Amino acid sequence: MADHLANWFHPSLDWLAYTIAGAAGAALLLVVALMVAAVSMWLERKISARIQDRLGPTRVGGRYGWLQPLADGLKVLGKEDIIPAQADKLLFRAAPYLAYAAAFCTYMVLPFSGRWVALPLDSAVFMFLAVASLEVPAIILAGYASGSKYSLFGAMREAAQVVSYEIPLALCVVIPVMLAGTLSLSEIAEQQRGWLTSWLVFRNPFVCGAFFVFGICALAHTNRAPFDLPEAESELVAGFMTEYSGFRWVVFFMAEYAAMFAICGLGAILFLGGWNGPIPLTDLLGLRYDAGPLAGWLGDALGAINFIFKCFLGITCMIWMRWTLPRLRIDQVMSLCLKYCIPLATLMLAGCMLWQYAMPGGVVHTVGNAGHSHSPVAECTQHRPHAQRRLSNPLSGPGAPENSSLRQQPRLLLEATSVLLRGN
Amino acid sequence: MEAINWHSVFFYLFAALACGAAAAVVLCGNIVRMAFALVAALGAVAGLFFLAGADFLGALQLLVYVGGTMVLLVFGVMLTSHSPLFALRSGAGHWIAAVVIGACLLTVLLRAALAANAWASPPPPQQLPPRLQPTTSQIGLALLGVRTDKLDRPDPVLQKGMCGYLLPFEIASVHLLVVLIGAMFLARTKRRMAATGSGSNSSQSIPRQLEIGNANRPHDAQNPTCTPPGE
C-alpha cells in the first residue's frame with residue numbers, strides 16, 4: 001500500500017506517503033478490532049440469553065438490540081473511575097492498555113485476505129504466538145498492582161494457565177506449519193486454495209485431531225469458560241479485574257474479545273483454509289489479480305468476508321461452550337493440559353510426520369503410484385529433479401514463482417533432510 | 001517542511017526507550033516497577049531488531065525475554081517478596097560492584113561497536129532503509145547446515161557453519177530437560193518435607209496457596225466436595 005501511495009506523491013514527499021499509509025493501516029486495524037469487540041459482545045449477550053431461554057437485549061437499536069454494545073459502552077464510560085488506595089497507581093493505570101496492545105498487535109500479522117495484511121511477515125505464525133504471549137505480563141501487572149488478594153490470585157492463575165497451554169498450542173500450530181513448509185500465514189492459507197477438501201484439517205486424521213486440541217488450547221489461552229479460572233466470579237469476585245471499573249475495565253474486556261477473534265483467525269488460517277471457502281467462489285467467478293486490479297480487489301473483499309465469517313463462527317462456538325459447560329477446578333485445568341493436551345498434541349505431531357513421510361503426496365497420489373515407487377524420499381526427488389538445484393540456491397525461497405505452486409512447498413523440508421542425510 | 005526519515009525517528013524512539021527503561025531498572029526502588037521497566041527495555045530492543053530487518057530475531061526476543069523470562073521473574077519476585085509492593089534497598093558495596101562491572105562491560109561493548117566499519121562512514125541519510133527481507137527460511141536452513149549467505153564463498157575454510165547447528169541445539173535442549181527434571185525433583189522433596197514437618201500453619205502464605213493444584217490432590221480425591229484453601 002505504501003508503494004502505491006508513494007507513486008501518487010512527488011518523490012520528495014515519500015515520507016508523507018509512508019506516514020499516511022502507516023496511519024491508515026493502523027487506524028483500519030483498530031476499527032476492525034473495536035468492531036469485532038462490539039459485535040462479539042452483542043453475540044455473547046444474545047447467545048447466552050437464548051441458551052438460558054431469555055430474549056437478551058431487545059431495546060436499543062431495533063428488535064434484536066444491535067446497538068446494545070454502544071449503550072453498554074456509554075454506560076461504562078459514565079462509571080466512577082476508582083483506583084484503590086493500596087494500588088501501585090502507575091502500573092494499575094498502565095496494565096489494561098498493555099493487555100489491549102498485546103491482543104491488538106496480533107492483528108498486525110493476521111492476514112484477512114490474499115493481499116489484505118498489514119505486515120506480510122515471513123515468520124508471521126511465530127510472531128503471532130510471540131505477541132499473543134505478551135498478554136500474560138500485562139495481566140500479572142494488573143493483578144499485582146491492584147493490591148488485592150483476589151486480583152493477585154486471578155493473575156497467578158492466569159499466568160500459570162496461559163504459560164502451560166502455550167506448549168500444546170504451539171505444538172498444534174507446528175503441524176500446519178510443517179505441512180505447508182512455511183511460517184508465513186498468507187502462504188499457508190494460499191496453499192489451501194480450492195474446495196473444502198484442500199483445507200489442512202482434512203489433510204489427514206492427525207491434523208483433524210490437532211485441530212481439536214488447538215480448539216481446547218485456544219479456549220484456555222483466551223481464558224474463556226470452562227477455563228475462565230482467572231476471573232471465576234464464584235471464587236475470586238472477578239479475578240484480576242476485581243479492582244477495575246469504568247473505562248479500564250472495558251479495555252480488558254475488549255482485549256479479551258480481540259484476542260478471541262485473533263486466535264479464531266489463526267485457527268481458521270492454519271486449519272480451515274483462511275479466506276478460501278468451502279466453495280472457491282472467487283476462483284469460479286475469476287476474481288483474481290490476473291483479471292485486473294478491480295477483480296482482484298473484489299476477490300480479496302469476498303475472501304475477507306469469508307475469513308471474518310469463519311472467525312465469528314469460531315467465536316460463536318466459544319460462546320456456546322461458555323454457556324454450556326461448567327467451570328473446571330484449577331487442578332483439573334492443569335492436569336487437562338499436562339496429562340491430555342500435551343501428549344495428544346505430541347502424538348498428533350508425530351503421527352502427522354509419519355503420515356507425511358509415508359504419503360508425501362496425499363493418499364490418492366501415493367496409492368495410485370504404489371506400483372512404481374521404491375521409497376517416498378526417492379520418489380520425492382525423482383519426481384522433481386530441480387529439487388537439488390533449489391536446495392543449492394534456497395534464497396529463491398518463498399515468493400519465488402517456481403515455489404508458489406500448491407504441492408511443492410510442503411516437501412522442501414523433507415528434501416532438505418534427505419539431501420543432508422546422504423551427506424551432500 | 002523537512003522530510004522525515006521514519007526509520008531514524010523510530011530508531012531514536014526505541015533507543016531512547018531502551019536506555020531510559022534500563023536506567024529505570026537500576027534507579028527504581030520498587031521491585032515490580034523494576035520488572036516492568038525491564039519488560040519495556042527488552043521490548044524496545046525487540047523493536048530495534050525489527051527496525052534492523054531481523055523479524056525472526058525480534059519475535060524471538062519478544063517470546064523468550066519479554067514473555068517467558070519476565071513471567072518467570074515476576075513469579076520469582078512475587079513468591080519471594082514478603083509484603084506486596086516490596087521495595088529493594090541496595091548497600092554501597094552493591095553499588096560499587098555494579099558500577100565496576102557495568103563500566104567494564106560498557107568499555108568492551110563500546111570498543112566492539114566503534115570498531116564496526118559502518119560507524120566510520122554512515123550511509124547517506126536521505127537513502128531509504130532496505131525493505132524487510134525474509135530471514136526465517138535462511139535461519140532454518142542454517143540450522144540444518146545450509147548457510148545460504150556463504151554459498152558463494154569458494155574457499156571451504158570460509159564456509160564455516162556448514163555443518164549445521166542441530167547437534168548444539170539438541171545438546172542444549174537435553175540440558176534444559178535435565179535442569180527441568182532436577183528442579184522438579186528438588187521442589188517436590190522440599191514440599192514433602194514441609195508437609196511432614198509443619199502442618200497447616202504455613203498454608204495462609206501466598207506460596208502455599210498457589211500450589212493448590214498439586215498439594216491438595218490426594219485430599220481432593222478422598223473428599224471431592226472440599227474447597228481448596230483460599231477460596
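Residues are numbered from 1 along each chain as its sequence is written, while chains are lettered from A and ligands numbered from 1 in the order in which they are written. Because the model is predicted, local features need pLDDT of at least 70 and side-chain atom pairs count only at pLDDT 80 or more, whereas totals for chains, interfaces and linings use all residues.

Begin by selecting chain A, which has 18 helices and zero strands; helices (H or I, at least four residues) and strands (E, at least two) are DSSP runs, numbered from the N terminus. Of its 424 residues, 45% are buried, a residue being buried if 20 or more other C-beta atoms lie within 10 Å of its own, exposed if 12 or fewer, and partly exposed in between, with C-beta atoms placed from the backbone.

Next, select residues 293–322 of chain A, which form helix H13. The 30 residues of H13(A) reach 43 Å from the first C-alpha to the last, close to the 44 Å expected at 1.5 Å a residue, where the expected span is 1.5 Å times one less than the number of residues. Among the buried residues of H13(A) are Gly299(A), Gly303(A), Phe307(A), Cys311(A) and Ile315(A).

Centre on Ala99(A): leaving aside neighbours within four places in sequence, its contacts (C-beta atoms, placed from the backbone, within 7 Å) include Glu135(A), Ala138(A), Phe252(A) and Ala255(A).

Two loop residues come next. Asp53(A), in the loop between H2 and H3 (68–77) of chain A, has a positive phi of about 60 degrees although it is not a glycine, and it counts as exposed because it has 6 C-beta neighbours inside 10 Å. Asn223(A), in the loop between H9 and H10 (233–236) of chain A, also is not a glycine and has a positive phi of about 60 degrees, but it counts as buried, with 24 C-beta neighbours inside 10 Å.

Finally, select chain B, which comes to ten helices and zero strands, and in which buried residues make up 15% of the 231 residues.

Conventions. Contact = placed C-beta atoms within 7 Å.
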